[in-house]
Amino acid sequence: MDDDGSEWMWFLGPLAMTVWFALLALLVWWIVTLVNRRAAAATVSSRKDPGSPEEILATRFARGEIGADEFREARAQLREQRGPSS
């Protein structure tokens, strides 16, 4: 019998290929995670201050989230809470 070790190739060949695919998948996962973290950090840092309660209320009204009656009522309540100084 000629024992050149080729019987090990039936086991080591697929095992080596599986290890390479796993390393490639790990590398792709790491790159995607890194890019997503940087994008999320950039988004959080670029958010501006929403402003005063009246500005937030006006923005919601402009977007159509609340109606005119609800806007006027909420604005009146905010001005009552703030007091007569403004």
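**Exercise 1.** Determine the order of the secondary-structure elements from the N terminus on.

*Solution.* Helices are DSSP runs of H or I of at least four residues, strands are runs of E of at least two, and both are numbered from the N terminus. On this basis the predicted model holds three helices and zero strands. Read from the N terminus, the elements follow the order α-α-α.

Residues are numbered from 1 along each chain as its sequence is written. Because this is a predicted model, local features need pLDDT of at least 70 and side-chain atom pairs count only at pLDDT 80 or more, while totals for chains use all residues.

**Exercise 2.** State where confidence is lowest and where it is highest.

*Solution.* The pLDDT is the predictor's confidence in each residue, from 0 to 100. The protein has an average of 85, and 85% of the residues score at least 70. Confidence is lowest in helix α1 (residues 9-46), with a mean of 87, and highest in α3, at 92.

**Exercise 3.** Describe how the axes of α2 and α3 cross and which residues make the contact.

*Solution.* The axes, lines fitted to C-alpha atoms over the stretch in contact, have angles from 0 to 180 degrees between N-to-C directions. Those of α2 (residues 53-63) and α3 (residues 68-82) come within 10 Å and cross at roughly 180°. The pair is therefore roughly antiparallel (over 145 degrees). Contact (heavy atoms within 4.5 Å) involves P53, E54, L57, A58 and F61 of α2. From α3 come A68, F71, A74, R75, L78, R79 and R82.

Notes:
Side-chain values use heavy atoms; hydrogens and water are left out. Angles under 35 degrees count as roughly parallel, over 145 as roughly antiparallel, 65 to 115 as roughly perpendicular and the rest as oblique.
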